[in-house]
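Thanks for coming. I have one structure to go through, so let me put it on the screen.

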Amino acid sequence: MSTIFNELEYAENLLKNPPGEVKSFDLYILRKYFYYMGYSKKNAIKLKNDYCKKCDQYYSPIVNFEEERKFENKYGKGHLKVSKEIIITEEEMNIIKSQEDINKQKILYYFLVDVKNNNSNYTSTKFTKILSFAKVYVDKQTKIKYQNELQEDGFIRSANAGASFEVLYKKEDSLVEFIIPLIDVAMEYFPYYCSCCGDKMEVKKYRKKSLCNKCYEEKRLNDVKKNMQKMRNK
Ligand SMILES: [Zn+2]
């Protein structure tokens, strides 16, 4: 899980140990960091200038006016990626897995990640947004169908006059299944199971395969055999 870039840690380290040069990537991270810490634009610019001087005593805001302008104009844009542990329990995973439809599993999974990230049982994220975070791409009709079914089955409930959802299958007291370090990449941690033998598969980004390596190899050999037979029978 060390592959995930924690911008908060990175920014804190920059300020503690300023490198020997001012890099635009570092300024980009610091820009988001100062905003995240609640500094006004004016104070952020002052802190940034202090930082630049520490890196390079000859740093000049006039010479580097392009960077300066970017920092100022884009202050408050983009959010800092902060590592946060989200624990999904085995009991919760079992509830999610009880759904036959893999899309529904993904939706329920993301709903749970979202409310846990909020430290509550509620989320104000729109249903459509949840689907796109969960990488579920279906037509409008199906979206409505999913929402209705998940509500009817008692997984989610519309709350605050429709402004948010309450997630009803959140449980805290069972064994830890796994930990997600960052909400932005939550779906990469969604566990996949082989559609043939049901074994848990390695979690990988943009996985398209539905079979585990063993079943895939078996299927491939079978296909080869079948093709050979076809050729022989010709
Ligand atoms: Zn398998």
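This is a predicted model: local features need pLDDT of at least 70, side-chain atom pairs count only at pLDDT 80 or more; totals for chains, interfaces and linings use all residues.

Start with helix 3, residues 41-55. As a check on its geometry, 15 residues at 1.5 Å a residue should span 21 Å, and the end C-alpha atoms are 21 Å apart, which agrees.

Which residues of helix 3 are buried? They are Ala 44, Lys 48 and Cys 52. These three cover an arc of only 75° around the axis, which puts them on the same side of helix 3. Note that a lysine is among them. The cover over these buried residues includes helix 2, residues 24-36, and helix 4, residues 65-73.

Now the other face. Turned away from the buried side of helix 3 are the exposed residues Lys 42, Asn 43 and Asp 50. Take Asn 43 as the example. Asn 43 has 12 other C-beta atoms within 10 Å, and a residue counts as exposed at 12 or fewer, so Asn 43 is exposed. For a sense of distance, Asn 43 and Glu 91 are 48 residues apart along the chain, and their C-alpha atoms are separated by 47 Å.

On to the cores. The largest nonpolar core has 24 residues. Within it, the residues with the most contacts are Ile 107, Tyr 109, Tyr 110, Phe 111, Leu 112 and Ala 134. At least two residues of this core come from each of helix 5 (90-97), helix 6 (102-117), helix 7 (127-133) and strand 4 (164-167). Helix 6 gives the most, with eight residues.

What does Phe 111 touch, leaving aside its neighbours within four places in sequence? Phe 111 is in contact with Thr 123, Ile 130, Ile 156 and Val 167.

There is also a second, separate core, of five residues. Among them are Ala 11, Tyr 33, Phe 34 and Ala 44.

Three strands form an open sheet in the order 2-4-3, with antiparallel pairing. Strand 2 (122-123) and strand 3 (156-159) stand at the edges, each with a single partner strand, so one side of each has no neighbour in the sheet.

How many bridges join strand 3 to strand 4? There are four, and the two strands run antiparallel. To find the pairing on the screen, look for Ala 159, which stands opposite Ser 164 in strand 4.

That is what I had; I can take questions.

Conventions. Residues are numbered from 1 along each chain as its sequence is written. The expected span of a helix is 1.5 Å times one less than its number of residues. A residue is buried if 20 or more other C-beta atoms lie within 10 Å of its own, exposed if 12 or fewer, and partly exposed in between; C-beta atoms are placed from the backbone. The arc is that of the directions from the helix axis to the C-beta atoms. Two residues are in contact if their C-beta atoms, placed from the backbone, lie within 7 Å. A nonpolar core is a set of buried Ala, Val, Leu, Ile, Met, Phe, Trp, Tyr and Cys residues joined through C-beta atoms within 7 Å. Two strands pair if DSSP finds at least two bridges between them.
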